[in-house]
Amino acid sequence: MTDIMDIIASTGGKGGTGKSTFAILLSLKLSKEGRSVLLCDCDVECPNDHLLLGRELHESSPICMKFPRLNEEKCVSCGTCSKVCRTNAIMWVKGKPPVFFEDLCSGCGACWIACPEKAIETKMKIVGETFVAKVNDNLWLLTGMSKPGITETGPVAKETKSRALKLGEKIGVDTVIVDTSPGTHCNVIQALLGCETAYIVTEPTPLGSHDSGLILELLRIMRIQSQIILNKADVGDKEVVKKTAEKYNVPVTLEIPYSERLIRAYSEGRLDKVVDLI
Amino acid sequence: MKIVVASGKGGTGKSMFASSLAWLFSEKTKVVACDCDVDAPNLGLWLGVTTYDSEENISTSEKAKIILDKCVECGECFETCAFGAVEEISNGFSINPLLCEGCGACQLVCPVEAIELSPVMNGEIRVKNTKWGFPLVSGLLRPGETGSGKIVQEMRRRADRLSHNVMILDAAAGIGCPVIASVTGCDYAVLVTEPTPSGFADLGRILEIVNHFGIPYGIVLNKWDINPDMSQKIEEWSREQFLGKISYDRIVIDSIVNLRPVVTSNSNVTKEIKELSKKLQRLTK
């Protein structure tokens, strides 16, 4: 079923370049043109699309993952769990039961698989949640949000994306637009997986040029077709971004000028007022 | 003394402010600047650094691989992987290196020892003695690799070895693994925000992390004049944790376009940042 939906990403490497702004403007524009669109806010560490659309988040559905819980009665203090843990989340002193540091635990399961006494049980922990909102007749928003303190946010992004695709199929949308986190690490990779096109939203500064190079490198590895959206195009120096675009052989398809009107709409959670900018 | 600059939301001015702090603190004491935003390291650019004195490839993560000759296609690894990295292929299973976290759970569960783990060069640590008289240590996560938190830990160890009294750490956006690795063990956190609903909401989220570690903090409001009403709201909300504000000024963009530290410009912004730096020097004595 998913092959009939277009799946598009809005990403950028650097933070604050306008990824969410572009994802929302594109969603609003396509939905106005009569396409049905699902916007998936996959920036799970700091999701803001609802704020920019002036929506509250309702109908939370938890995202759970398994984490270790030691059964001290069964534990023989052998230290195997501590040895297999590659995130250093288990401290063990000879002759004593191990101590688990949940802050460092990724929930990978190596410890409970390796324990020869089956003394490590599991508990479900909420690592994040998703929310669904209907923005207009043709536009839905699905937001993923990680729980503060959770280190490994890749699985939260993965589940958010998978719920978005399921919802998209159920509603029968034409397009899913995925808004990613800044950077290139695991939660961005999870958000980008399966996208056919990625828009790299960047700004005309050496920072924008440098960081869009990093995300373009990732997109090259992932074989995702990319194009650059130059935001605040008239502030700074376009040439630096054009060089990156040439290096990776991707087009700069749109320039969005710096706009006081956009800043105001952004602040008010009323991006619907400036759809004409793209 | 370790001071970390963080924000939750990207683009609020973390690197701009961290570079300014390093520059201003270095007038009084020995500083090392540490770029912990390994996904998008930009602190160097704010200090005019485009080449490094040393670049070292490092490995802080491993990747699993299935040896197809040994694999009996039982699917245990597929069921076990918490990161969805094991994929079904026509002749068994395969591991998607983009998703593998190198945790080794698949290897532990494999009944026929058909899974190998090997280290990958997933990052770089670069060092530069800047022309401003203090060193910069900068980490980089190779695109497509995992393990950003561990790269941060490793680069912090390197930075610790350089002689210094104050370490300024520039954290990544977000509140996940690389940010937690940057914030942990710091003595003070500077949270940079902007007067937008997103900036304010994400300030709340990064604050949960900072409070979780019990680190003293102060709030800096950047570009305050793009929305004075919201700025007033944030200032009131921050109460005694409010350090001060910085105006929106095109000179900041001109500075980065010309790769010149902001505080070398003759501007209002420089004055505001100098005030903030003085306040922070008093607070972190």
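**View 1. Residues where helices α7(A) and α8(A) meet in the predicted model.** Sorted by class, the contact of α7(A) with α8(A) holds four nonpolar, five polar and two charged residues.

**View 2. The packing of α7(A) against α8(A).** Two packed helices are described by the angle between their axes and the distance between the axes. Here α7 of chain A covers residues 206-221. Its partner, α8 of chain A, covers residues 238-247. The two pack at an angle of about 15 degrees, and their axes lie 8 Å apart. An angle under 35 degrees counts as roughly parallel, so α7(A) is roughly parallel to α8(A). Which hand does the crossing of α7(A) and α8(A) have? The crossing is right-handed.

**View 3. The contact between chain A and chain B.** Chain A brings 55 residues to this contact, and chain B brings 52 residues. Which elements of chain A give two or more residues to the side that touches chain B? They are α2 (49-52), α4 (110-114), α5 (154-171), α6 (186-192), α7 and α9 (260-268) of chain A. The largest share comes from α7(A), with eight residues.

**View 4. Chain A on its own.** Nine helices and 11 strands make up the count of elements in chain A. Its C-alpha trace spans about 65 × 40 × 35 Å along the principal axes. Chain A has 278 residues, and 55% of them count as buried.

**View 5. Chain B on its own.** Chain B has 10 helices and 13 strands. The C-alpha trace of chain B spans about 70 × 40 × 35 Å along its principal axes. Of its 285 residues, 55% count as buried. In chain B, contacts with a separation of 6 or more are 74% between residues 24 or more positions apart.

Terms used:
Residues are numbered from 1 along each chain as its sequence is written. Chains are lettered from A and ligands numbered from 1 in the order in which they are written. This is a predicted model: local features need pLDDT of at least 70, side-chain atom pairs count only at pLDDT 80 or more; totals for chains, interfaces and linings use all residues. Helices (H or I, at least four residues) and strands (E, at least two) are DSSP runs, numbered from the N terminus. A residue is buried if 20 or more other C-beta atoms lie within 10 Å of its own, exposed if 12 or fewer, and partly exposed in between; C-beta atoms are placed from the backbone. Two residues are in contact if their C-beta atoms, placed from the backbone, lie within 7 Å. Axes are lines fitted to C-alpha atoms, for helices over the stretch in contact, and angles run from 0 to 180 degrees between N-to-C directions. Angles under 35 degrees count as roughly parallel, over 145 as roughly antiparallel, 65 to 115 as roughly perpendicular and the rest as oblique. A crossing is left-handed if the near helix is turned anticlockwise from the far one by less than a right angle, and right-handed if clockwise. Ala, Val, Leu, Ile, Met, Phe, Trp, Tyr, Cys and Pro count as nonpolar, Asp, Glu, Lys and Arg as charged, and the others, Gly among them, as polar.
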